[in-house]
Number of protein chains: 4
Amino acid sequence: MIRVFVTGGTFDKTYDEIEGTLAFTDTHVSEMLRLGRCQVDVSVRTLMMVDSMAMTDDDRAVIVRNCLTCEELHLVVTHGTDTMVETAAALAAGVPGKTIVLTGAMVPYAFGSSDGLFNLGSALSFAQTLPPGVYIAMNGRHFAWDRVRKNREAGIFEEV
Amino acid sequence: MIRVFVTGGTFDKTYDEIEGTLAFTDTHVSEMLRLGRCQVDVSVRTLMMVDSMAMTDDDRAVIVRNCLTCEELHLVVTHGTDTMVETAAALAAGVPGKTIVLTGAMVPYAFGSSDGLFNLGSALSFAQTLPPGVYIAMNGRHFAWDRVRKNREAGIFEEV
Amino acid sequence: MIRVFVTGGTFDKTYDEIEGTLAFTDTHVSEMLRLGRCQVDVSVRTLMMVDSMAMTDDDRAVIVRNCLTCEELHLVVTHGTDTMVETAAALAAGVPGKTIVLTGAMVPYAFGSSDGLFNLGSALSFAQTLPPGVYIAMNGRHFAWDRVRKNREAGIFEEV
Amino acid sequence: MIRVFVTGGTFDKTYDEIEGTLAFTDTHVSEMLRLGRCQVDVSVRTLMMVDSMAMTDDDRAVIVRNCLTCEELHLVVTHGTDTMVETAAALAAGVPGKTIVLTGAMVPYAFGSSDGLFNLGSALSFAQTLPPGVYIAMNGRHFAWDRVRKNREAGIFEEV
């Protein structure tokens, strides 16, 4: 059994056709799992729907507490890419003994050209096979939480 | 470095608009890796483009030989689902010491509703983390080659 | 008010993931009208779901009778491309005084690369503006029923 | 022969994956015509790529001049929805004797859920069949330029 916690991020941005802007409504994770015909036992819970640039210390405390207190030992956290590394550090400090994989997308799932479905399939797989620890899984790669940074110019995660 | 061998299957079926039938042209794997913004070093080679129901022993020998002789130790093989288990057995008999993950799709990638991108992200991740052996990765799960069968009524792979 | 009669054809083919073949289930026309955020008053009714190569004289009689007896004066008929011209001739012989536009698709709507949505928007527009008569509307063009044939090699409709 | 002038608008917004914002790069109109397998003789020219809220009187003068001086008598202008009515009025004042159809989209074409392809098929059809004049074609309907307004709360165009 894998627990998926949803926190928002590019992954879940949609287009608000009245305002003509990007916005959050509901998460697409359940729809994505259906599309992937996911046969893994997954339980999805939305903790928040925020742009990771707007994520506060209180928000991170909510994520840490949920990862700590849930029964599952294998977790995926969907998250905006801009502060994914900070949340990974908070999880590493606060949640021992579990395999936690943070993932996200460079392009919203609701766009035809999103990497989200690829990343979700990848993150669920790493969550099943990596030893306990906190990881970031993006675009086919996985990184230990303290060996990664986002290269904002290139739009990719890279090892440090 | 991961080697991807393409053999066809539902994954790569397209719609022939002149004939009004399903057909094979080129593989979609490279396009899918671009969509997934894949940052893993992947080398793709098409071995054949066949429906797995039509795959012969000679075809399987070609797949085994290529997996055996290539330099890479981590491999993904895209394959039709109907005889994926047979090819996995041939690989287990013929290619020791490598991590080989077979994957495919229940719905062609060219269809909007395909599980292909999810499966490809998953297979590439399992190929990086599972110990040497031959596996089938479909719909978020992975199975050892001798512990799996396709349930054709349900359209899923299951443990035996 | 426009009446849309659905008869099947490539437009509505789907992929049967258990059988691995093309098949018909329900029509996609209502979903397409939602996607097009259609503001025209449209009433959709499915008459049959058949490949137009398999359409019989009885099937055509059903289409003619429905077009003749419905209240609306502006009609769109979705239809397979292979025998669209034959059905157009039957409608021209049997339904005077109405604007009837037959349309279809070269690629199923359920495929990402379909021309269906473009054709549906086009057919609904021609149905509102052309004088009474029977027409075929495909790929942006419209043809009088007795001035058109399908060029099967090229996969297009052309004037004769 | 139909001339299509591109001016930007929601139609052509894309997602900038480095900045995480909506942006303009190139137009999608040519790609959309390919997807629609458009058989009408269409010539596409990009005049500008702007959000219609940012469109100036000078921009409108450019559009009017191009519509006036081009050879074609049947024109489609892609345009943001927010000031589409203003540009239609400018065209009605400045370009006599041609059929000009303005169209756009409520959701960017690059999003899977866009009405753009439906609207483009519709606009090209109205441009072939309506008498000289300036029209707005959105979501299956067409309106004379002086009988329409955008209802911003509902996100639709309606007759006045």
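Modeller: One term to start. Buried area is the accessible area, taken with a 1.4 Å probe, that two parts lose on being put together, summed over both. Keep in mind that this is a predicted model.

Colleague: Fine. How much do chain A and chain B bury between them?

Modeller: About 2300 Å². Of that, 65% is on carbon and sulfur atoms.

Colleague: And how many residues does the contact take from each chain?

Modeller: 30 residues from chain A and 30 residues from chain B.

Colleague: Which residues in chain A lose the most area to chain B?

Modeller: Arg37(A), Gln39(A) and Phe118(A). Together they make up 28% of what that side buries.

Colleague: Which elements of chain A supply at least two residues each to that side?

Modeller: H1, helix H4 (116-129) and strand S8 (141-144). The largest share comes from H4(A), with eleven residues.

Colleague: How many salt bridges across the interface of chain A and chain B?

Modeller: Zero by the rule. Polar contact is another matter: the rule finds eleven residue pairs there, both residues at pLDDT 80 or more.

Colleague: Back to Arg37(A). Where is it in the chain?

Modeller: In the loop between helix H1 (29-35) and strand S4 (42-50) of chain A. Its phi is positive, near 45 degrees, and Arg37(A) is not a glycine.

Colleague: Why does Arg37(A) count as buried?

Modeller: Because its relative accessibility is 18%, and buried means under 20%.

Colleague: What about phi of Arg37(C)?

Modeller: Positive, about 50 degrees. Arg37(C) counts as buried at 18% relative accessibility.

Methods: Residues are numbered from 1 along each chain as its sequence is written. Chains are lettered from A and ligands numbered from 1 in the order in which they are written. This is a predicted model: local features need pLDDT of at least 70, side-chain atom pairs count only at pLDDT 80 or more; totals for chains, interfaces and linings use all residues. Side-chain values use heavy atoms; hydrogens and water are left out. Helices (H or I, at least four residues) and strands (E, at least two) are DSSP runs, numbered from the N terminus. Buried means under 20% relative accessible area, exposed over 50%, partly exposed in between (1.4 Å probe, protein chains only). Contact means heavy atoms within 4.5 Å. A salt bridge is a side-chain nitrogen of Lys or Arg within 4 Å of a carboxyl oxygen of Asp or Glu. A polar contact is a pair of N or O atoms within 3.5 Å; within protein, one must be able to donate a hydrogen and the other to accept it, and residues adjacent in sequence count only if both atoms are side-chain atoms.
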